[in-house]
Amino acid sequence: NSTNTHSLADQLLSLPLQSQPGFGLLFDIDGVLVRGKMPIPAAKKAFEKLVNSQGQFVVPVVFVTNAGNCLRQTKADQLSHILGVSVNQVIMSHSPLRMFKKYHEKCVLVSGQGPVLDIAKNLGFEKVVSVDMLRESFPLLDMVDHNRRPKLPVRYSNTNLQLIIDILLTNGNLSTTHHTQMSPHLPLLACNMDLMWMAEAQSPRFGHGTFLVCLENIYKKITGKELKYEALMGKPSELTYHFAEYLIRCQAIEKQWKLPITSLYAIGDNLMTDIYGANLYNRYLEERVTRKNPKTVAKMVAATGSTTAMPQEEEIDNTWESELAPPSATSCKSVLVCTGVYNPNTEVPSDANHCIKETVFHGHRDFRFDPALVEPVHIVQDVAGAVDLILEQEKFVPQ
Ligand SMILES: [Mg+2]
């Protein structure tokens, strides 16, 4: 009733201003802080408020991107250079693999772009094989690429699809023939589900999600069964947010900030990755608060369409929860900016409900389209607007 609302508002207004943060920020990179190699002007303005005179962040901050074709440090160095602040907490699509310790000593095949062997070793994998190494060891397996053109790297090629299918259908023993009824197949971990992405071309380009669509369909066509992922990571997977939350908690501990980090704000320009992901993780956090039993929550999260594919009979392997301590965050609010893929040339809608809904779902097979998940909590013009809004909401005044 109105009396209660009133007294609650009074209480909120009388809260003291905070000089230590009880919140953390997740920044998407492309379309929020930079476009290509150019900084977005609002980014510099935003960081002026978040960095002290020694250039250190006064709130816990992570930079979350679905890019995966370089080392974390390389991305951090690029970003530091472009933005003129010292960035070290970058989460890439493959970063949560660090949590999958049970595979770190196993022999793993890595398929992807960039320095894949270095990336995998950096994440903790000890026995790493690349598609190129396989091709060289088993030259007869690669009938796809007859005319090798060394000057043109083959990207997301048929060769990778062929050799991954070979590995799955031979249970990793390439000298044997295919067994199409192999069940379960070897564990598969996929990073970055983006179907498409914007590069310099006029229209969007195939992303890693397109590669996964091919792999899933080839596997199903050959075996009649669904390909099963051990885990999917990169936004909007809550694995990525769980890892981000963990890094934010670590920063707060390192800086000896006393308040627990209870609120997260995820700032991004993409409804299907940044907003969907933040809202999905928020749903997970809320359910976690209401139900203390983590197993039940994991099942609910899986049932709403996320981390673990096809959870029917099997016990859900809650690797990420056992690897990291439970989250201290109880909410993750999505903040949409208009400097990237979302409505770059239109005015800020006065109401979040005016948001355009996707009519074709470009999300991954194992994620369901839920209109509520692409509804941002806040819409602002740019990242500076986002930071102003958050500092005000949190009543935060840096010392
Ligand atoms: Mg973006």
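Me: Leaving aside its neighbours within four places in sequence, which residues is Leu26 in contact with?
Reply: In this predicted model, Leu26 is among the residues with the most contacts inside the largest nonpolar core. Once neighbours within four places in sequence are left aside, the contacts of Leu26 are Val62, Val64, Ala244, Leu264, Tyr265, Ala266 and Ile267.

Me: Are helix 8 and helix 9 roughly parallel or roughly perpendicular to each other?
Reply: Two packed helices are described by the angle between their axes and the distance between the axes. The axes of helix 8 (residues 238–254) and helix 9 come within 9 Å and cross at roughly 75 degrees. In the contact, Glu238, Thr240 and Tyr241 of helix 8 meet Gly277, Leu280, Tyr281 and Tyr284 of helix 9, which by class gives 4 nonpolar, 2 polar and 1 charged residues. Because angles of 65 to 115 degrees count as such, helix 8 and helix 9 are roughly perpendicular.

Me: Is Asn192 buried or exposed?
Reply: Asn192 is found in the loop between strand 8 (189–191) and strand 9 (196–197), and its phi is near 80 degrees, a positive value in a residue other than glycine. Most residues other than glycine have a negative phi. Because Asn192 has 27 C-beta neighbours inside 10 Å, and 20 or more are needed, Asn192 counts as buried.

Me: What is omega for the peptide bond from Lys235 to Pro236?
Reply: Pro236 lies in the loop between strand 11 (231–233) and helix 8. Most peptide bonds are trans. The bond from Lys235 to Pro236 is cis, with omega near 10 degrees.

Me: How far apart in space are Asp388 and Ala46, C-alpha to C-alpha?
Reply: Asp388 lies in helix 12 (residues 383–393) and is partly exposed, with 14 other C-beta atoms within 10 Å. Asp388 and Ala46 are 342 residues apart in sequence, while in space their C-alpha to C-alpha distance is 7.8 Å.

Conventions. Residues numbered from 1 in each chain as written. Predicted model: local features only at pLDDT ≥ 70, side-chain atom pairs only at ≥ 80, totals over all residues. Helix = DSSP H or I, 4+ residues; strand = E, 2+ residues; numbered from the N terminus. Buried ≥ 20, exposed ≤ 12 C-beta atoms within 10 Å, placed from the backbone. Core = buried A, V, L, I, M, F, W, Y, C linked by C-beta atoms within 7 Å. Contact = placed C-beta atoms within 7 Å. Axes fitted to C-alpha atoms, helices over the stretch in contact; angles between N-to-C directions. Parallel < 35°, antiparallel > 145°, perpendicular 65-115°, else oblique. Nonpolar A, V, L, I, M, F, W, Y, C, P; charged D, E, K, R; others polar.
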